[in-house]
Amino acid sequence: MDLQILYEDDAILVCYKPAGIATQTRKIGQQDMESLLRNYRARRKENPYIGVVHRLDQPVEGVMVFAKTPGAAAKLSEQIKNRAVGKHYYAVAWADDYAGEDQGVLEDYLVFEQKSNLTRIVDRDVPGAKKAMLEYRIAGRTEGKLCADILLHTGRHHQIRAQFAYADMPLVGDAKYGKRKEKCPLALCSYRLEFAHPTSGENMDFSAVPKGDEFGAFLDNIHGKV
């Protein structure tokens, strides 16, 4: 697989993860971004260290940053922990049952069930419940679907997928949280990432146009924004 590297220096490596590739996996023989980037560095006779500081689910495409030193990894991880990283997503969702506003905030409490690998929305007093929040703006509509521009404030497991399904906007291609039997890929893309450079402190801002087929109908609406 050809790596899509957007930026690289001595401390960080920013790339575009295709849908279908895991960020990190223990499965023998399965490609993941961590091993692909380690091999990329090894081929260039560099220290093959790659620090994984955040993740995208395997079916999700988008912009990611990886650390090239343990020090950079620690500083990036601290930013993520303190919610100082701007995470922007585009999602294509079914809009047949959605009657809400064109922009808003979703706040819910989530519980992750490891056995089923599902996230449920629950009351705030349920043991283990964690608050989840995101902002969204509808960037376009077509043929019973909408494209949402999302700013993620918390990074809970399957957060966007669970919250949008609960708000009557299940994502296209989401077999876990949607009610439709679909064979198309999940229409979710991390299109923009903002953070402070771990050594210089410079504001870093990287964007890319979604590549999934479901985004095609909305590219005129969103292309100028990425």
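User: Is Tyr 191 buried or exposed, and what is its relative accessible area?
Analyst: This is a predicted model: local features need pLDDT of at least 70, side-chain atom pairs count only at pLDDT 80 or more, and totals for chains, interfaces and linings use all residues. Residues are numbered from 1 along each chain as its sequence is written, and side-chain values use heavy atoms, without hydrogens or water. Buried means under 20% relative accessible area, exposed over 50%, and partly exposed in between, with a 1.4 Å probe and protein chains only. Tyr 191 is buried, at a relative accessible area of 4%.

User: How are the rings of Tyr 90 and Tyr 191 arranged?
Analyst: Rings of Phe, Tyr and Trp (its six-membered ring) pair if their centres lie within 6.5 Å; planes under 30 degrees apart count as stacked, over 60 as edge-to-face and the rest as tilted. The structure holds 4 aromatic pairs. The centres of Tyr 90 and Tyr 191 are 3.9 Å apart and their planes are at 15 degrees, so this pair is stacked.

User: How many residues apart are Tyr 90 and Tyr 191?
Analyst: Helices (H or I, at least four residues) and strands (E, at least two) are DSSP runs, numbered from the N terminus. Tyr 90 belongs to strand β5 and Tyr 191 to strand β10. The pair links distant parts of the chain, 101 residues apart.

User: Which geometry do Tyr 136 and Phe 164 adopt?
Analyst: Their ring centres are 6.0 Å apart and the planes are at 75 degrees. Tyr 136 is in strand β8 and Phe 164 in helix α3. Both are buried. The angle is 75 degrees, so the pair counts as edge-to-face.

User: Which residue just after α3 takes a positive phi?
Analyst: The helix is mostly covered, with 6 of its 8 residues buried. Those buried residues pack against β5, β6, β7, β8, β9 and β10. Just after α3, a positive phi of about 65 degrees occurs at Asp 168.

User: How many disulfides does the structure hold?
Analyst: A disulfide is a pair of cysteine sulfur atoms within 2.5 Å. Cys 147 has its closest cysteine sulfur in Cys 189, 9.4 Å away, which is too far for a bond. Cys 147 is buried at 0%, and Cys 189 is buried at 0% too. A search of the whole structure gives a disulfide count of 0.

User: Which ring does the charged end of Lys 211 sit over?
Analyst: A charge sits over a ring if NZ of Lys or CZ of Arg is within 6 Å of the ring centre and within 35 degrees of the ring normal. Arg 180 lies over Trp 94, at 3.7 Å from the ring centre. For Lys 211 the distance to the centre is 3.8 Å, and the ring is that of Tyr 16.

User: Which residue in β11 stands opposite Ala 196?
Analyst: Two strands pair if DSSP finds at least two bridges between them. Antiparallel β10 and β11 are joined by 5 bridges. In β11, Met 204 and Phe 206 form the covered face. Opposite Ala 196 stands Asn 203.

Terms used. Contact = heavy atoms within 4.5 Å.
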